[in-house]
Amino acid sequence: GAWLFAPGLIISSGESEGSGGDSDLSALGVDLRLGRRGYRALAGSTVSFLGLGLHGVRSSFEVDAGGTEARVKEWSAGVYGELGGTYFFTPRFGLGASAMAELAYGKSTLDAGFGESEDTSTTFAFPQTRLLVTIAF
């Protein structure tokens, strides 16, 4: 097996139109996966893997809906399991995909200009799919 250290960046921006007017949305955040992966050689340069580990996310969203602004700050932490495959173009570089299941606990804080409200949640998400770039050291 191998240790997995997978940082990620969340960047999003968009607009929506509705009966109440137009809205702009922007988001920025980071996520991190830390765990172990077991690999199994298939054919040629293709390997399958099975992983288990910890996952954390910290993000912030801003919404401007017709002059009314709101901010949401959130974090979550939990465990994940994954199953996937990678094709290695070189012994140290490959591209692949995975499907994951995740159980997480999180907290979000909404500030819409008239005070803050907080919400906690426990979520189970399956399947989550990801495209992967693998760099082996």
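Ala136 counts as partly exposed, because its relative accessibility is 27% and the partly exposed class lies between buried, under 20% relative accessible area, and exposed, over 50%, as judged with a 1.4 Å probe on protein chains only. The model is a predicted one, in which local features need pLDDT of at least 70 and side-chain atom pairs count only at pLDDT 80 or more, while totals for chains, interfaces and linings use all residues. Residues are numbered from 1 along each chain as its sequence is written, and side-chain values use heavy atoms, with hydrogens and water left out.

Ala136 is found in the segment after β6, where strands (E, at least two residues) and helices (H or I, at least four) are DSSP runs numbered from the N terminus. When its neighbours within four places in sequence are left aside, Ala136 is in contact with Pro91 and Arg92, contact being defined as heavy atoms within 4.5 Å. Between the C-alpha atoms of Ala136 and Phe88, residues that are 48 apart in sequence, the separation in space is 10.0 Å.

Thr134 lies in strand β6 and counts as buried, at 11% relative accessibility. The residues that Thr134 touches, not counting those up to four places away in sequence, are Thr86, Phe88, Arg92, Phe93 and Gly94. Of these, Gly94 also stands opposite Thr134 in β6, and Leu95 stands opposite Val133 in the β6 strand. Strand β6 as a whole is hardly covered, since two of its 20 residues are buried. Pro127 has its place in strand β6, which spans residues 116-135, and the peptide bond leading from Phe126 to Pro127 is cis, with omega near -15 degrees.

The pairing of the strands was examined next, two strands being taken as paired if DSSP finds at least two bridges between them. Strands β5 and β6 run antiparallel and are joined by 18 bridges. The hairpin of β5 and β6 has four residues between the strands, and Gly113 in this hairpin takes a positive phi near 90 degrees.

Phe89 is found in strand β4 and counts as exposed, at 51% relative accessibility. With residues up to four places away in sequence not counted, Phe89 touches Gly94 and Leu95. The C-alpha atom of Phe89 is separated by 7.2 Å from that of Ser45, although the two residues are 44 apart along the chain.

A pair of aromatic rings is described by the distance of the centres and the angle of the planes. Rings of Phe, Tyr and Trp (its six-membered ring) are taken as a pair if their centres lie within 6.5 Å, and planes under 30 degrees apart count as stacked, over 60 as edge-to-face and the rest as tilted. The structure holds four aromatic pairs. The rings of Phe89 and Phe93 have their centres 6.3 Å apart and their planes at 35 degrees, and the pair is therefore tilted. Phe93 itself counts as partly exposed, at 33% relative accessibility, and ring pairs link Tyr87, Phe89 and Phe93 into a cluster.

Arg33 is found in strand β2, residues 21-41, and is buried, with a relative accessible area of 4%. Among the residues that Arg33 touches, when those up to four places away in sequence are not counted, are Leu4, Phe5, Ala6, Tyr80, Glu102 and Arg130.

The largest pocket has a volume of about 560 Å³. A pocket is an open set of points, on a 1 Å grid over the protein atoms alone, where a 1.4 Å probe fits, with protein on both sides within 12 Å along at least five of seven lines, and its lining residues have an atom within 4 Å of a point. Grid points are joined across faces, edges and corners, and the volume is the space filled by probe spheres set on the points. The lining comprises 20 residues, and Leu4, Phe5, Ala6, Arg37 and Val133 lie nearest the centre of the pocket. Strands β1 (2-18), β2, β4 (68-90) and β6 each supply at least two residues of this lining. By class, the lining has 15 nonpolar, one polar and four charged residues, where Ala, Val, Leu, Ile, Met, Phe, Trp, Tyr, Cys and Pro count as nonpolar, Asp, Glu, Lys and Arg as charged, and the others, Gly among them, as polar.
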